[in-house]
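Biologist: Let us go through this model term by term. I will ask where each word comes from.

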Amino acid sequence: MAKSSNHFIAFLMIFYYWICGILLFFVPKSLRFKSVKDKLVLITGGGSGLGRALAIRFAKRGANVIVWDINKSGLDETVELVRAANPEVKVGSYVCDITDRHLVYETAAKVKRDVSAIDILVNNAGVVSGKNLMDIPDEKIIQTFQVNAISHFWTVKAVLPDMMAANSGHIVSIASVAGSTGGCQLTDYCASKFAAVGFEESLRYELINANKLGVKSTVVLPYFINTGMFAGFKSPILPALEPDYVADQIMAGVLTDAEYVAVPRICYTLNTLKTILPVKAFYKVYEVLGGYHVMEDFVGREGTQHNNNYVNNNNNRKVK
Ligand SMILES: NC(=O)c1ccc[n+]([C@@H]2O[C@H](COP(=O)([O-])OP(=O)(O)OC[C@H]3O[C@@H](n4cnc5c(N)ncnc54)[C@H](O)[C@@H]3O)[C@@H](O)[C@H]2O)c1
Ligand SMILES: *[C@@H]1O[C@H](CO)[C@@H](O)[C@H](O)[C@H]1NC(C)=O
């Protein structure tokens, strides 16, 4: 009896949240922004692109900012830009390779000694190989997983105890639409982003189960962004996004405690399409979006290799 009435309440709550979701869609997000003033934000991969754009935005809202990266000159530039954006806030940078878990724990402890405990963690650092499976060196596959997914275990383990104790904090993970759907020349990238999404979703259930509802989490699923990371990609239908636009959308999501932020909005439908369409019909959607060709001319950050692997592979096969 008690059990079935619990189920009935759960059923009502599902409707309640559904209606709330629909109504909130019409309320400007900015009316619901939380304050991050005087909070300490740690951003991995903060020496470039999206991480840098987020650092500047958090600082403008009065948050103190710590950036980690492997690129020292990138970090220095970010620190200057953050200082220029808001001279009032504290800003610090640490060279830290997040694939080294001992270094992650050490550096997190150093930040705590130097400044304070972290209030907001942004798992942003990422890498991409951009090649067909057989052309990706094994070491590169491992590195992609380490940076894009496994590092989240270390960074989160480093900051979670303080967040749990205070029942307050926020963990933001920059995944990708590549964490919703696979793609050509993206086996390691998509698999690592799916992993990041799975990690993030599971962590959220654990936080709910531990009744730590004060610790928020946001997973971000952006489409291609013009940061240079994906240099050479082609996108015939959906235009590539500007880092400033994506950073604004991410901030709006974080400041309203949104669990998911897909940029552009249409990307929210990918998971739905995948489940309601017959599989072969979804392949057609992928084809229409240019999926088979987006990565053909990819050069990425390394920029030198002429990436025409798909064609080369076919040729190789013919020769053999
Ligand atoms: N650019 C896109 O099209 C796109 C699309 C969707 C998602 N994303 C994701 O957004 C995030 C930011 O990407 P971006 O476009 O700003 O790329 P970016 O290359 O400009 O920045 C990534 C930063 O991560 C740093 N980094 C790499 N390996 C590291 C390591 N081991 N330890 C510490 N730092 C390391 C790099 O030095 C770089 O500064 C990534 O997770 C990326 O996968 C990017
Ligand atoms: C490091 O950052 C600097 C400054 O932003 C940039 O010019 C350089 O290309 C980056 N190096 C790498 C390897 O990404």
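Modeller: Helix H2 (49-60) and strand E2 (64-69) each give the shell around ligand 1 at least two residues. Helices (H or I, at least four residues) and strands (E, at least two) are DSSP runs, numbered from the N terminus. This is a predicted model, where local features need pLDDT of at least 70, side-chain atom pairs count only at pLDDT 80 or more, and totals for chains, interfaces and linings use all residues. Residues are numbered from 1 along each chain as its sequence is written, while chains are lettered from A and ligands numbered from 1 in the order in which they are written.

Biologist: Which residues come nearest to ligand 1?

Modeller: Gly45, Ser48, Gly49, Gly126 and Thr227, out of 30 residues around ligand 1. A residue is near a molecule or strand if its C-beta atom, placed from the backbone, lies within 6 Å of it. The largest share of that shell, three residues, is from H2.

Biologist: How do the residues of the shell around ligand 1 divide into nonpolar, polar and charged?

Modeller: There are 13 nonpolar, 14 polar and three charged. Ala, Val, Leu, Ile, Met, Phe, Trp, Tyr, Cys and Pro count as nonpolar, Asp, Glu, Lys and Arg as charged, and the others, Gly among them, as polar.

Biologist: What surrounds ligand 2?

Modeller: Gly47, Asn71, Ser73, Gly74, Glu77 and Arg301. The classes here are four polar and two charged, with no nonpolar residue.

Biologist: What makes H2 oblique to helix H7 (residues 243-255)?

Modeller: Their axes come within 9 Å and cross at roughly 55°. That angle makes H2 oblique to H7. Axes are lines fitted to C-alpha atoms, for helices over the stretch in contact, and angles run from 0 to 180 degrees between N-to-C directions. Angles under 35 degrees count as roughly parallel, over 145 as roughly antiparallel, 65 to 115 as roughly perpendicular and the rest as oblique.

Biologist: Which residues meet there?

Modeller: Gly49, Leu50, Ala53, Leu54 and Arg57 in H2 meet residues of H7 including Pro243, Val246 and Ile250. Two residues are in contact if their C-beta atoms, placed from the backbone, lie within 7 Å.

Biologist: Why are helix H5 (residues 138-166) and helix H6 (residues 187-209) called roughly parallel?

Modeller: Their axes cross at roughly 15° and come within 8 Å. H5 is therefore roughly parallel to H6. Among the H5 residues that meet H6 are Ile141, Phe145 and Phe153. By class, the contact holds 10 nonpolar, four polar and two charged residues.

Biologist: How do you know that helix H4 (residues 101-114) and H5 are roughly parallel?

Modeller: The crossing is at roughly 30°, with axes within 9 Å. So H4 and H5 count as roughly parallel to each other. Arg101, Val104, Tyr105 and Ala108 in H4 meet Trp154, Thr155, Ala158 and Val159 in H5.

Biologist: What is the order of the strands in the open sheet?

Modeller: E3-E2-E1-E4-E5-E6-E7, seven strands with parallel pairing. Two strands pair if DSSP finds at least two bridges between them.

Biologist: Why do strand E3 (91-95) and strand E7 (260-263) stand at the edges?

Modeller: Each has a single partner strand, so one side of each lacks a neighbour in the sheet. On average, neighbouring strands of this sheet are turned by 15° against each other, direction ignored.

Biologist: How many bridges join strand E4 (residues 120-123) to strand E5 (residues 169-174)?

Modeller: Four, and the two strands run parallel. Val122 is opposite Val172 in E5.
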